[in-house]
Amino acid sequence: MSTVKSKKLQVGTDASASNNFTIYQPATPDGTLRIGVGNADSPTEVARFDATGMISGGATPDALSTATGSAPSYSARAWVSLDGVSGTPNINASGNISSITDNGTGDYTLNFTTAMPDNLYALVMSVRRGAARVFWTSTLSTSSARVIAANLSQVQSDETMSVAIFR
């Protein structure tokens, strides 16, 4: 068996660089495999694979690799577990949430780290208390979502809640 070593492999020989793909390692190796559009001398990165097989960069899969059956599985664009009971709202854990704004009792604005493509997204909310609660949103924008928690009498109350956002 022989081994061929190269930092770049160009697939395609078209004179127009946009018709070629290049598989390459960055100038400073970092354990990633990159795919670019263009000739080997100056490709533009469109996808990156790390040692775990994760894709980043321009590649965004439509369905998760763990999906089974014919229906696709989609991931949340943002999520947060927030503690609104202990005074100032606190982020317990999150993805794509940069901060929370406290607008008053039971009224929170979730600020996104990376903006949504539009404001046509869906929110799923839940609380960690046993009593029945209602939720609603008052403002959905590309940069934030305002959510409100209340009891069945629509009296707003600070809550420890989880929110997931899909689009």
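Guide: A residue counts as buried when its relative accessible area is under 20%. The model is predicted. At 14% relative accessibility, serine 144 is therefore buried. Serine 144 belongs to strand 12. Apart from neighbours within four places in sequence, serine 144 has contacts with Thr109, Leu110, Asn111, Phe112, Tyr121 and Thr139.

Four strands form an open sheet in the order 7-6-13-10, and their pairing is antiparallel. Strand 7 (90-95) and strand 10 (122-127) are at the edges; each has a single partner strand, so one side of each has no neighbour in the sheet. From one strand to the next, the twist averages 15 degrees. Strand 6, residues 78-83, pairs with strand 7 in the antiparallel sense over five bridges. Within this part of the sheet, serine 81 has alanine 93 of strand 7 as its bridge partner.

The largest nonpolar core has 19 residues, and those touching the most other members are Leu110, Phe112, Met161, Val163 and Ile165. Two or more residues of this core come from each of strand 6, strand 8 (97-104), strand 9 (107-112), strand 10, strand 12 (144-151) and strand 13 (160-166). For isoleucine 165, with neighbours within four places in sequence left aside, the contacts are Ala76, Arg77, Ala78, Phe112, Met116, Tyr121, Ala122 and Leu123.

Definitions and conventions. Residues numbered from 1 in each chain as written. Predicted model: local features only at pLDDT ≥ 70, side-chain atom pairs only at ≥ 80, totals over all residues. Heavy atoms only, no water. Pairing = 2+ DSSP bridges. Axes fitted to C-alpha atoms, helices over the stretch in contact; angles between N-to-C directions. Core = buried A, V, L, I, M, F, W, Y, C linked by side-chain atoms within 4.5 Å. Buried < 20%, exposed > 50% of the residue type's maximum accessible area, 1.4 Å probe, protein only. Contact = heavy atoms within 4.5 Å.
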